[in-house]
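Here is a briefing on one protein model.

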Amino acid sequence: MTSARPAPVTPTATYRLQLQPAFPFAAAAEAVPYLASLGVSHLHLSPVLEAVPGSPHGYDVVDHARVRAELGGEEGLRALAGTAREHGLGLVVDIVPNHMAMVPRHNRALWEVLREGPESPYARWFDIDWEAGGGRLLLPVLGGPVGAELERLRVDGGVLRYYDHVLPLREGTAELPLPHLLDAQWYRPVWWRLARTELNYRRFFSISELIGVRVEDPEVFEATHGTILRLLHEGVLDGLRIDHPDGLADPDGYLERLHEATGGRWTVVEKILADGERLPDSWPVAGTTGYDALRRVDGLFTDPAGARELLDLYRRFAAPQTDRGGDWAATARRAAYGVLSHELAAERDRLTRLASRICADAPDPALRDRAPWALRTALEELLVRLEVYRPYASGDAAAVVTEKAAEEARGAFTVAEEAGAVDVVRSLVLGGAGPLRAEFRARFAQTASALRAKAVEDTAFYRYVPLLAANEVGGEPGRPGVSPPEFHAYCARVQRDWPATGTAVSTHDTKRSADVRAALAVLTECPDRWAEVLERVTRAEAEVPDGQLAWAAWQTVFGLGPAAPERVQEALLKHVREAGLYTSWTEQEPPYEEAVAAFVAVGPCGAPGERVAELRRALDPHIRANVLGTALVHLTMPGVPDVYQGTEDDYRALVDPDNRRPVRFPPEDPGPKAAVTRAALRLRRRRPGSFGAAATYEPLTAEGPAAEHCLAFARSGGTVTAVTRLSLRLARAGGWRETRLPLPPGRWADVLTPGREFESHARVADLFAELPVALLERAD
């Protein structure tokens with residue numbers, strides 16, 4: 001154990017590994033020599049603390065004091081860190097401050113709360129509304145109403161058992177008859193369907209199996225972060241990725257406390273920024289985990305005009321009504337209303353009760369005379385109009401809950417006097433003294449973030465599907481394209497304000513890997529050819545359950561390419577359940593799901609699917625240009641790139657669990673993408689000054705008839721990145737012809753094709769003679 005803290009280090013590039021029992025610390029250690037040879041500086045590990053046994057991801061933490069035994073325990077983690085250090089690598093790890101697993105038999109802190117109630121020293125850990133539960137914590141574990149499930153509840157070995165659930169008994173209650181015993185506990189088992197309306201604990205989004213943790217409490221912070229902080233201070237770990245800080249009551253305070261406790265270690269936050277939103281300047285972090293970069297990189301390879309044509313085709317093909325997926329804004333708004341009235345009804349009602357309590361105690365009659373139903377409606381109307389995830393204490397809440405949103409919200413009321421509830425709720429969000437008002441502001445923000453995630457990413461993204469590539473975390477489906485000037489402006493801002501931020505194009509949470517999205521983006525360059533193929537497969541296919549699903553299914557198999565049919569089936573079953581139009585996770589409709597499965601089997605995964613495969617093969621050179629361009633831009637733009645496991649080579653994956661399978665590293669003789677990735681990462685390691693905090697970013701503008709198809713930039717005068725964008729449109733227009741790319745002064749060596757040099761300028765046709773991308777290094 002060392003006494004001095006290691007100095008904070010900023011990674012040059014990280015490599016993300018999804019740890020799980022099938023890929024523990026020892027397996028990661030075996031991969032270290034290969035990963036070091038790629039050129040990354042740090043391994044980025046998924047959560048390492050004790051989780052629910054068998055968990056394939058580790059975000060369901062049950063014990064913050066122990067490193068996960070199934071991965072090899074602390075000894076295994078230390079061995080991995082030692083091997084990594086021998087090869088010049090450090091470790092960055094995910095931490096989960098917002099929630100723990102709602103599994104009492106594995107979660108000792110929760111077990112004690114269920115056994116001892118609100119007087120338990122662990123009761124302060126969890127965000128529980130004891131008053132709303134009548135002094136008890138409601139547990140949605142039963143398969144039906146409690147009366148119908150009594151015979152399946154039994155006392156055995158001093159605990160209460162219900163199938164796989166094991167619950168503690170309050171002291172002195174074991175001998176009571178079962179109905180009386182249930183009344184005597186600090187918890188009440190309830191039908192899982194009541195999770196929509198009657199739960200009295202904060203969850204992660206709407207996932208009842210994950211209970212919110214109150215890390216805003218200093219004692220809870222210390223207890224839940226002690227092990228990770230010790231491993232940081234002892235040099236085992238070097239940096240942190242913070243999972244979902246938007247769920248916390250006080251992200252600003254949490255990040256300040258964490259920054260102080262870590263000694264300023266490199267830390268990035270999983271913050272989803274809406275279009276035009278900025279990360280709070282006051283946050284003491286290096287930046288985000290990179291979804292804002294993903295949106296810009298994807299947008300570069302998307303043709304806005306073609307995307308609009310695809311939308312028109314989609315509307316005709318799927319024949320949706322405006323509120324069923326034909327208009328992005330309407331689809332997202334409708335989804336938000338649905339989530340608030342169903343999945344997040346318990347959170348909405350808790351906010352309503354809190355607002356009513358504040359109003360009832362207010363001296364101002366204008367506040368006191370507000371009916372709960374009016375406050376609830378006002379809350380709903382304001383929440384669905386938020387265009388970002390949430391307001392923050394460090395920001396201007398009025399810029400989030402705007403007067404424009406309030407004006408629209410008032411329109412939902414038929415009586416003007418009742419519409420005043422909107423102004424009451426907005427005033428509570430914007431400020432005011434007192435603990436109840438502070439609690440209201442925090443809970444409003446937490447509910448807003450859960451609503452945004454559930455309504456947009458987990459619902460609307462599955463209902464509005466003209467271009468699946470745009471439906472990605474942090475994406476903007478209503479405006480999928482990003483122009484080169486927009487991209488350059490974004491990069492310049494990042495280099496100036498957040499030079500050590502994370503960047504990513506594939507993660508464990510992306511709904512489609514970067515290579516799948518890159519293929520789909522080509523469709524925006526040839527909507528006419530896509531329409532022809534759809535017309536042909538429509539004539540040949542089996543009965544279509546609904547047009548939206550069919551469109552999404554055909555795009556899925558186009559983007560994925562050759563794959564086992566069960567992967568497509570699994571992803572599309574998740575698609576229709578997330579969309580929630582004809583079936584859902586909680587209200588499954590077997591006949592519809594069976595029809596979907598039958599259609600996918602004989603259509604996209606059957607003989608008609610070969611016609612989609614033919615189109616993909618015909619477009620392969622343009623898909624390749626997008627894949628390589630995405631990879632190179634990601635690895636050389638401002639920020640710290642995170643390479644998701646296996647994505648250094650061709651990697652086509654769909655939504656989890658498809659993208660969380662144990663990693664398979666590329667073969668000995670990798671393809672072009674692996675060569676580009678290796679070259680870019682090694683260049684970053686060789687020339688850290690060109691990519692670090694003190695680096696510069698200079699847009700380079702091509703000249704000539706095809707200038708718009710070349711995206712290029714220089715970093716600190718030492719490297720030049722150039723990629724082809726919209727290559728199919730380029731080919732249709734006649735190719736590069738005499739287009740030239742002016743270069744910064746000096747001689748420039750081609751890193752990807754050794755032996756070639758350029759000076760002053762490069763004829764773009766020559767620059768891209770071997771590959772549709774180029775990476776140059778200053779030779780003198």
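The largest cavity holds about 230 Å³ of space. The model is predicted: local features need pLDDT of at least 70, side-chain atom pairs count only at pLDDT 80 or more, and totals for chains, interfaces and linings use all residues. Residues are numbered from 1 along each chain as its sequence is written, and side-chain values use heavy atoms, without hydrogens or water.

**Cavities**
- Searching the whole structure gives seven cavities of 30 Å³ or more.
- A cavity is a set of points on a 1 Å grid, over the protein atoms alone, where a 1.4 Å probe fits but cannot get out. Volume is the space filled by probe spheres set on the points.
- The largest cavity has 20 lining residues, meaning those with an atom within 4 Å of a point.
- Nearest its centre lie Arg202, Arg203, Glu347, Arg443 and Thr447.
- Two or more lining residues come from each of β12 (203-204), α11 (345-360) and α16 (435-457).
- α16 gives the largest share, five residues.
- By class, the lining has eight nonpolar, seven polar and five charged residues.

**Helix pair α14 and α15**
- The axes of α14 (residues 403-410) and α15 (residues 416-430) come within 8 Å and cross at roughly 150°.
- That makes the two helices roughly antiparallel (angles over 145 degrees).
- The crossing of α14 past α15 is right-handed.
- Glu403, Ala406, Ala409 and Arg410 of α14 meet Ala419, Val422, Asp423 and Arg426 of α15 (heavy atoms within 4.5 Å).
- This contact has four nonpolar, no polar and four charged residues.

How values were computed. Axes are lines fitted to C-alpha atoms, for helices over the stretch in contact, and angles run from 0 to 180 degrees between N-to-C directions. Helices (H or I, at least four residues) and strands (E, at least two) are DSSP runs, numbered from the N terminus. Angles under 35 degrees count as roughly parallel, over 145 as roughly antiparallel, 65 to 115 as roughly perpendicular and the rest as oblique. A crossing is left-handed if the near helix is turned anticlockwise from the far one by less than a right angle, and right-handed if clockwise. Ala, Val, Leu, Ile, Met, Phe, Trp, Tyr, Cys and Pro count as nonpolar, Asp, Glu, Lys and Arg as charged, and the others, Gly among them, as polar. On a 1 Å grid over the protein atoms alone, a cavity is a set of points where a 1.4 Å probe fits but cannot get out, and a pocket is an open set with protein on both sides within 12 Å along at least five of seven lines; lining residues have an atom within 4 Å of a point.
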